[in-house]
Amino acid sequence: VYVMAPDGSNLKCLTCSQGDLVPQLHNGNPAWHPSGDYLVFQAQDPELAGFPEALPGLEQYVASPGVGINNNLWLMTADGSRFWQLTHVLEHYGALHPHFSPDGTKLLWSEIISPQMDRMGRWAIKLADFSVENGEPHLSNIDTLQPLNLQLYEMHGFSPDGQKILFSGVEEGKYYYDMEIYVMDLATERVTRLT
């Protein structure tokens, strides 16, 4: 995970050569906390390296941040000096596309709730309260959402007022390229398909 100035200067890798603090396999899909103090991102868990024989040679692909299998969510300070693991998924599970709410009090991501390695697994939306107490980050009150009972959800973030979430989803039995874009009102749970 890199940061740089808007003009491309001051390029700095925050996760490189940090093997004693954060896994050194795939790291990606970073998102800023609104305070600018933290970045949340995905990291492939080196302890979850096993993949079934049905997927020979695909480990590098399915464990990449774009697919997220065997990925956990991590948080780091904006300068990359401190790291915290936020989730602890099981082998063949994973977390994908984390985003903070505009006020920084919520964290949104999608997570595998049932791995079906011959396809894409069954996913759900996760929504948690985020706080930092005595310098330590915490997730609490984690909700599991499955609007329209889709098979796959990829999160894109919150509306500017934090009242709605934007995501892409795949209906049961379809594939990644069958995604549509949806918005959901968190208070009413009303879902609108946008594409």
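Biologist: What should I know about the model before we start?
Modeller: The model is predicted, so local features need pLDDT of at least 70 and side-chain atom pairs count only at pLDDT 80 or more, while totals for chains, interfaces and linings use all residues. Residues are numbered from 1 along each chain as its sequence is written, and side-chain values use heavy atoms, with hydrogens and water left out.

Biologist: Which residues touch the most other members in the largest nonpolar core?
Modeller: Leu-108, Trp-123, Ile-125, Tyr-153, Met-155, Ile-165 and Phe-167, out of 20 residues. A nonpolar core is a set of buried Ala, Val, Leu, Ile, Met, Phe, Trp, Tyr and Cys residues joined through side-chain atoms within 4.5 Å. Buried means under 20% relative accessible area, exposed over 50%, and partly exposed in between, with a 1.4 Å probe and protein chains only.

Biologist: Which strand gives the most to this core?
Modeller: E11, with four residues. Strands are DSSP runs of at least two residues, numbered from the N terminus.

Biologist: How is E9 paired?
Modeller: E9 runs antiparallel to E8, with eight bridges, and antiparallel to strand E10 (residues 136-145), also with eight bridges. Two strands pair if DSSP finds at least two bridges between them. Trp-109 has Lys-126 in E9 as its bridge partner, and Val-132 stands opposite Pro-137 in E10.

Biologist: What about the turn between E9 and E10?
Modeller: That hairpin has two residues between the strands, and Asn-134 takes a positive phi near 55°.

Biologist: Changing topic, what order do the strands of the open sheet take?
Modeller: Four strands in the order E3-E4-E5-E6, with antiparallel pairing. Strand E3 (27-32) and strand E6 (83-85) are the edges, each pairing on one side only. Inside the sheet, strand E4 (residues 38-44) and strand E5 (residues 71-77) pair over seven bridges, and Phe-41 stands opposite Trp-74 in E5.

Biologist: And aromatics, how many pairs are there?
Modeller: Five in the whole structure. Tyr-38 and Trp-84 have ring centres 6.1 Å apart and planes at 65°, so the pair is edge-to-face. Rings of Phe, Tyr and Trp (its six-membered ring) pair if their centres lie within 6.5 Å; planes under 30 degrees apart count as stacked, over 60 as edge-to-face and the rest as tilted.

Biologist: Are those two buried or exposed?
Modeller: Tyr-38 is buried at 14% relative accessible area, and Trp-84 is buried at 10%.

Biologist: Which residues form an aromatic cluster?
Modeller: Tyr-153, Phe-167 and Tyr-182 form one.
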